[in-house]
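Q: I'd like to learn how to read a few features off a model like this one. Can you take me through them one at a time?

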Amino acid sequence: YYYLGHLQTAILTNATFSEPRWTYNLMAATLPALCFSVLVSLAGFFTQSTKRGALAAIFILSAGTLEPLRQWFKPPENIEAAWPFGERVLDYMATSRVLPFAINEYPWFTFNYADLHAHYFSMPIALLVVSLALALRSYTVGESGWLSRPAIMTMLLTALALGAMIVTNTWDFPVYFALCALMLCSSNVKLPDIRVLKSDALWLRRAILAVTVLLIAIIAIAVASPFLLNLHSEARRPTPLQQPASPARSWLLMWGVFTFAWLWTLLRASFENKMVRNGGIALVTMGILAWTLLRVSSGLSYFVLILLIVLLLWTAILAFYSQDKTEKILARIALCGLLSLLWSETTWSGFLGIPEQWGFEDYKRQDTVFKFGLQAWYLWGTAAICGLLRVWPRPEFMHQRIFLHARWAFLIFVPIVFA
C-alpha cells in the first residue's frame, strides 16, 4: 500500500517526541489547513481577488453533493422526518454514496471522517503540483527564460512533488503530470540567449518543451523508484465498463453544481470569442442529437457520457484557442479534471478480489469512482468555481446576455427532464 503519507506522520511524531494517539488527530487537522491555504492562493490568483479566492477555497473544500436536498424532499424510508414542525434527520453517509455501488467522497466528508488514507494525504500534494505547474509556466514564458535558475529549480521541485505523489497516491500521478505537460504547451516559451538557439523556429520551441516534460517525468519516476520496484499491487488492471455506467440524476446530484459553474464559464467564453463560440455551438448541438438518437434507438440513457464528451471537447477548444490567458489556464486545469471523470465513467479497477465474490459486479467500480472523483473535484471544481467568480460580478455581461443564457440553459438541460 502507499506509505509516504503515513511515513510523514511518523516522522513528525518522532520529531515532536509525541505519540500517534495525539499526532494522528494533529495530522487530520493539518492536511485541511494546508489545502485551504494553497487553494486561497490559487483561487486568488485566478480571480485577482483575495476575498474571492478565500470564498472559492471555502466552497471547494466545504461544499458537498446535492444529496441532502434530495433527502429533504424525499426522505429515506429508514429515517423518520418530521418537517416542517420538527427535526429532519440527514443520512450523512449517503451523501458520499450518491452514485450506485460506489464511493463518492468529497473533501469535506474526508476531512470530517478523518480517516488518514492515501487519498487524504495526497490532497495538499496535488494542490502543490498545480501551483508548481503554474509557476513553471510563468518562468518558461516569462522574461527569465527556460534555463534561468528559478525555472530550473521549479522544474526540480515539480518533479520531486510528482515523485512524492507516486508514493503517496499513485493513481494521482498520470492526471497531474498531464496537467504539468499542458501548462508547458505554449509556443511562446522564451529561448535561452545562446547563439545556437537564436532561431525562433516553432519546432525548436516545441522540442525544448518536450525535453522539459520528459525530464520531469524521468526525475519523478526515479524519485519514486524504490517504491515502484517493490510494489506488489493486487488491484486489477483497468477494464472497460458497460454503458451507461451512472444514472443521470445520481450523477447530477454529485456534479451538478460544478457542471453549472463550468457551463457558465464556457458560455461567457463563447460569447466573447468567435472560435470558441462556433465550436461550442457545434459540439452542444451534436451532443444533444447524439443523446437523443441513442435514447430513442436503445432505450438507454447516455446523457452522462455525451455530456462529458461535449464538455471535454468544448473545454479543449477553450484551452488552446482562448485569447484570455487566465481563462486558458483554467480550461487546461478543467480539462484534466474532466478526463479523470471520463475515466471513472468508462473503466474500472479495484481491490475487490475474485470476480466470483458476492457483489463483485455491483461494487467493482467503487475504487475508480472514488480516486478519480476526488481528482475531478479539485481540478474541475477549482476551475469551475474560479471561472464563475471571475465573471459573476460583471453587470454588463449579466444584463446584456441574460436572454442568451436562458436559451442555452434550456438547450443544454432539457434532456435532463427526459433522462
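Q: Let's take Glu327. Is it buried or exposed?
A: This is a predicted model, so every value here is computed from predicted coordinates. The general idea is a cut-off on relative accessible area: under 20% means buried. Glu327 has 4%, so it counts as buried. The residue lies in helix H14, which covers residues 325-346.

Q: And which residues is Glu327 in contact with, leaving aside its neighbours within four places in sequence?
A: Setting those neighbours aside, Glu327 is in contact with Arg268, Ala269, Leu318, Ser322 and Arg390.

Q: Where is Ser246 found?
A: Ser246 is in the loop between strand E1 (239-240) and helix H11 (248-272). At 4% relative accessibility, Ser246 is buried.

Q: With which side chain does the side chain of Ser246 make a polar contact?
A: For a polar contact you look for a pair of N or O atoms within 3.5 Å. In this model the side chain of Ser246 pairs that way with the side chain of Glu345, at 2.8 Å. Beyond its neighbours within four places in sequence, Ser246 is in contact with Glu345 and also with Leu99, Trp251, Val304 and Arg365.

Q: On to helix pairs. How do the axes of H8 and H16 cross?
A: You compare the axis directions, and angles under 35 degrees count as roughly parallel. The axes of helix H8 (residues 173-183) and helix H16 (residues 366-391) cross at roughly 25° and come within 10 Å. The two helices are therefore roughly parallel to each other.

Q: Which residues of H8 and H16 meet?
A: From H8 you have Val175, Tyr176 and Leu179; from H16, Gln375, Tyr378 and Leu379. By class, this contact of H8 with H16 has five nonpolar residues, one polar and no charged ones.

Q: Which residues is Met123 in contact with, leaving aside its neighbours within four places in sequence?
A: With those neighbours set aside, the contacts of Met123 are Cys35, Pro107, Thr110, Phe111, Leu374 and Tyr378. Met123 itself is found in helix H6 (residues 118-141), and at 3% relative accessibility it counts as buried.

Q: How many residues apart along the chain are Met123 and Pro107?
A: They are 16 residues apart along the chain, and their C-alpha atoms are separated by 8.7 Å.

Q: Last topic, backbone angles. What is the phi of Gln48?
A: The thing to look for is a positive phi at a residue that is not a glycine. Gln48 is such a case, with a phi of about 60°. Gln48 is found in the loop between helix H2 (20-47) and helix H3 (50-62). At 63% relative accessibility, this residue counts as exposed.

Q: And what about the phi of Ala114?
A: Ala114 isn't a glycine either, and its phi is positive at about 55°. Ala114 lies in the loop between helix H5 (107-113) and H6. Its relative accessibility is 25%, so Ala114 counts as partly exposed.

Note on methods: Residues numbered from 1 in each chain as written. Predicted model: local features only at pLDDT ≥ 70, side-chain atom pairs only at ≥ 80, totals over all residues. Heavy atoms only, no water. Axes fitted to C-alpha atoms, helices over the stretch in contact; angles between N-to-C directions. Helix = DSSP H or I, 4+ residues; strand = E, 2+ residues; numbered from the N terminus. Parallel < 35°, antiparallel > 145°, perpendicular 65-115°, else oblique. Contact = heavy atoms within 4.5 Å. Nonpolar A, V, L, I, M, F, W, Y, C, P; charged D, E, K, R; others polar. Buried < 20%, exposed > 50% of the residue type's maximum accessible area, 1.4 Å probe, protein only. Polar contact = N/O pair within 3.5 Å; in protein donor to acceptor, adjacent residues only side chain to side chain.
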